[in-house]
Amino acid sequence: MSILPPRRPLLQLTFLLPSCTLPIHCTPHRHDSSARRTTKRLRPKQDKAAIPSHREAHDHIVFNPPSSAPSPYHTPLIFLPPNDPRRRLLAQAHAHANPYQDPERRLPPPVRKPYEKSYNLNEAQIAELQRLRAEDPFKWTRAKLAEKFGCSEFFVGMAAQATKERMDWSKQLLENTKARWGRRRSNAREDRTKRREVWARDE
């Protein structure tokens, strides 16, 4: 059995050498990258004017706002000198806070046409309203009766309540509508009912 010489020198085959023979490069490096040092460097230092002195009595308020452009909206009036121009700016800001206080300034158009409530129904008209409501509640709804007699639907509901048949039909219609709700809407309505119960108990 013959032993062939290696084609490469043994010194170049470092994986065959033991680890203790390899050179170890131990060059120390110090990095300022720890969380504690970074936090300490980024922490702002407290201004000396904001630190209370132990030599004087603490019967005053220390107003030490951050460094920024002076603004009459941020600086309280009590901290402004008497001859400070920001007092005039603050007075002008309060004068223009509500521009619609000026009577000569035009207001925006109303959302709906202004109207005055009218109480023009007498006892005979109220009796007629109740008769129509009891005769055919499906035909004479609150909206139609309010339009016929020139009153509000709220007044129709107080003067002439719906019959039991009409109320049962409305409840059945509501139950049929709820049956088509999904899980998300059902949970939302249940949460709304619970919130109203909590509001009623003042919790």
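A residue is taken as buried at under 20% relative accessible area, as exposed at over 50%, and as partly exposed in between (1.4 Å probe, protein chains only). By this criterion I78 is exposed, because its relative accessibility is 71%. The structure is a predicted model, in which local features need pLDDT of at least 70 and side-chain atom pairs count only at pLDDT 80 or more, while totals for chains, interfaces and linings use all residues. Residues are numbered from 1 along each chain as its sequence is written, and side-chain values use heavy atoms, with hydrogens and water left out.

The mean pLDDT of the protein, that is, the predictor's confidence in each residue on a scale from 0 to 100, is 76, and 66% of the residues reach 70 or more. Where pLDDT is low, the predicted coordinates should not be read in detail. The protein contains 7 helices and 0 strands, where helices (H or I, at least four residues) and strands (E, at least two) are DSSP runs numbered from the N terminus, and its order along the sequence is α-α-α-α-α-α-α. Confidence is lowest in α2, with a mean of 76, and highest in α7, at 90.

Of the 203 residues in the protein, 11% are buried. The accessible surface, computed by the Shrake-Rupley method with a 1.4 Å probe and, for residues, with only the protein chains shown counting as cover, comes to about 19500 Å², of which carbon and sulfur atoms account for 55%. When contacts (heavy atoms within 4.5 Å) between residues at least 6 apart in sequence are considered, 31% of them join residues at least 24 apart.

Together with I61, F63 and F79, I78 forms a nonpolar surface patch whose accessible area is about 440 Å² in total. Patches are made of residues with over 30% relative accessible area and no salt bridge, like charges being joined within 9 Å and nonpolar side chains (Val, Leu, Ile, Met, Phe, Trp, Tyr) within 5 Å.

In helix α4, which spans residues 142-149, the residues L145, A146 and F149 are buried. Viewed down the axis of α4, the buried residues fall within an arc of 100 degrees and therefore line one face of the helix, the arc being that of the directions from the helix axis to the C-beta atoms. These buried residues pack against α3 (123-135) and α5 (153-159). Just after α4, G150 adopts a positive phi of about 70 degrees.

A search of the whole structure returns 4 salt bridges, each defined as a side-chain nitrogen of Lys or Arg within 4 Å of a carboxyl oxygen of Asp or Glu. In α3, R131 pairs with E135, their closest N and O atoms lying 2.9 Å apart; because the two are 4 residues apart in this helix, about one helical turn separates them. R131 is partly exposed at 43% relative accessible area, whereas E135 is exposed at 56%. A network of salt bridges links E128, R131 and E135.

In helix α6 (residues 164-179), K164 and D168 are likewise 4 residues apart, about one helical turn, and form a salt bridge with closest N and O atoms 3.0 Å apart. K164 is exposed at 62%, and D168 is partly exposed at 37%. Within helix α7 (residues 183-200), about one helical turn separates K194 from E190, and the salt bridge between them has its closest N and O atoms 3.7 Å apart. K194 is partly exposed at 46%, as is E190 at 42%.
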